[in-house]
Amino acid sequence: APLLECGFRPFFLLATVTAVTAIGAWMAFWLLGARLPSTPGGPVVWHAHEMLFGFALAAVAGFTLTAIPEFTTTPDVSRERTLALIALWILGRVAFAGAGLPGLAILAMLADVGLLALLLALLAPRLLADAGRRHLSFAWVLLGMIVATLGFHVDAMRGAWPMRWLFVMVGLLMCLIVIALSRISMRVVNQSLDELGDAATEYRARPPRRHLAVACILLHTLAEFMAPGHPASGWIALACAAAVLNLTNDWHVGRALLRRWPLMLYLLYWFMALGYAVIGAGVLAGQPWTSAGRHLLMIGAMGLAIFAVLNIAGRIHAGVEPDERGWVPAAVGLIACAA
């Protein structure tokens with residue numbers, strides 16, 4: 001029963017289990033020649049899909065189910081609806097593993113789209129009813145994810161290369177990180193300032209900088225989708241890197257930035273900026289660097305973002321203090337080395 005009290009509990013657990021099993025399977029494939037599920041597009045598509053729709057989507061569901069009721073001062077999502085979301089997530093993972101079969105491919109599409117659609121249906125009324133609709137951007141990102149999910153499965157079933165839709169999901173996840181991090185960092189950085197007794201300094205995540213970064217990321221996502229490899233997408237990727245680095249100017253608040261939780265959140269912006277910089281430079285130089293850039297985005301930015309949310313929001317909402325033991329910075333170091 002306690003596992004279903006809040007949406008973050010089951011979905012954060014599913015995210016951690018998926019991270020271990022999906023990466024473990026990917027390592028076994030490369031190092032030992034182990035077989036992966038037979039899915040449309042082959043092993044690379046399976047890997048990218050499961051890291052996005054298994055690992056990342058579980059974390060997104062857990063975060064939004066917990067954060068949006070708090071942001072909008074509305075009741076928690078009921079256990080029955082949380083169970084329905086969990087069932088759709090599990091069904092999607094099982095069905096996609098056998099998506100080489102037509103019936104299971106359709107089932108995987110219905111489960112993945114159904115999960116996002118139900119999540120949006122549960123949260124959109126709260127976001128629309130909130131005074132000033134300050135958090136409506138979460139709904140727009142979820143709607144974009146529904147379109148990308150539907151496009152991926154349709155392309156996969158008709159034999160087209162579906163990775164372009166997964167790249168759209170990457171862009172939407174980067175937007176979601178920028179949007180969500182502005183809310184989380186306001187609490188984390190200012191709490192760090194208070195603990196150091198620095199009452200004269202206040203951290204603010206300024207909306208114009210955030211809007212510029214999100215706009216650049218969306219524009220790059222569209223350019224890459226419409227004309228992959230075109231020099232325009234390379235220039236826009238460099239603009240994304242500049243806009244994300246511009247966000248870090250809000251964070252330069254002195255010694256408080258060097259504490260573990262603010263620093264962890266700060267570093268993920270650097271990985272996001274470096275990822276877009278590598279993608280842009282690769283496109284413009286005609287070099288095959290885009291995969292490396294995308295892994296900087298996914299391992300560095302997304303990996304650190306999810307790890308931070310698990311450790312900060314997950315523990316606080318469970319009623320315990322954030323973990324101050326040495327394994328946390330060690331894990332951050334390992335994620336950074338992997339990126």
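On a 1 Å grid over the protein atoms alone, a pocket is an open set of points where a 1.4 Å probe fits, with protein on both sides within 12 Å along at least five of seven lines, and its lining residues have an atom within 4 Å of a point. The model is predicted, so local features need pLDDT of at least 70 and side-chain atom pairs pLDDT 80 or more, while totals for chains, interfaces and linings use all residues. Residues are numbered from 1 along each chain as its sequence is written, and side-chain values use heavy atoms, with hydrogens and water left out.

**Exercise 1.** Describe the largest pocket and its lining.

Step 1: the space in this pocket is about 1200 Å³, where a volume is the space filled by probe spheres set on grid points joined across faces, edges and corners.

Step 2: 44 residues line the largest pocket, and those nearest its centre are His-47, Met-51, His-295, Met-298 and Ile-299.

Step 3: helix 10 (290–311) is among the helices that supply at least two lining residues, and with 11 residues helix 10 gives the most; helices here are DSSP runs of H or I with at least four residues, numbered from the N terminus.

Step 4: the lining divides into 30 nonpolar, 11 polar and three charged residues, where Asp, Glu, Lys and Arg count as charged, Ala, Val, Leu, Ile, Met, Phe, Trp, Tyr, Cys and Pro as nonpolar, and the others, Gly among them, as polar.

**Exercise 2.** Describe the second largest pocket.

Step 1: about 380 Å³ of space lies in it, and of its 20 lining residues Val-141, Leu-172, Cys-175, Val-214 and Leu-218 are closest to the centre.

Step 2: helix 7 gives the most to this lining, with seven residues.
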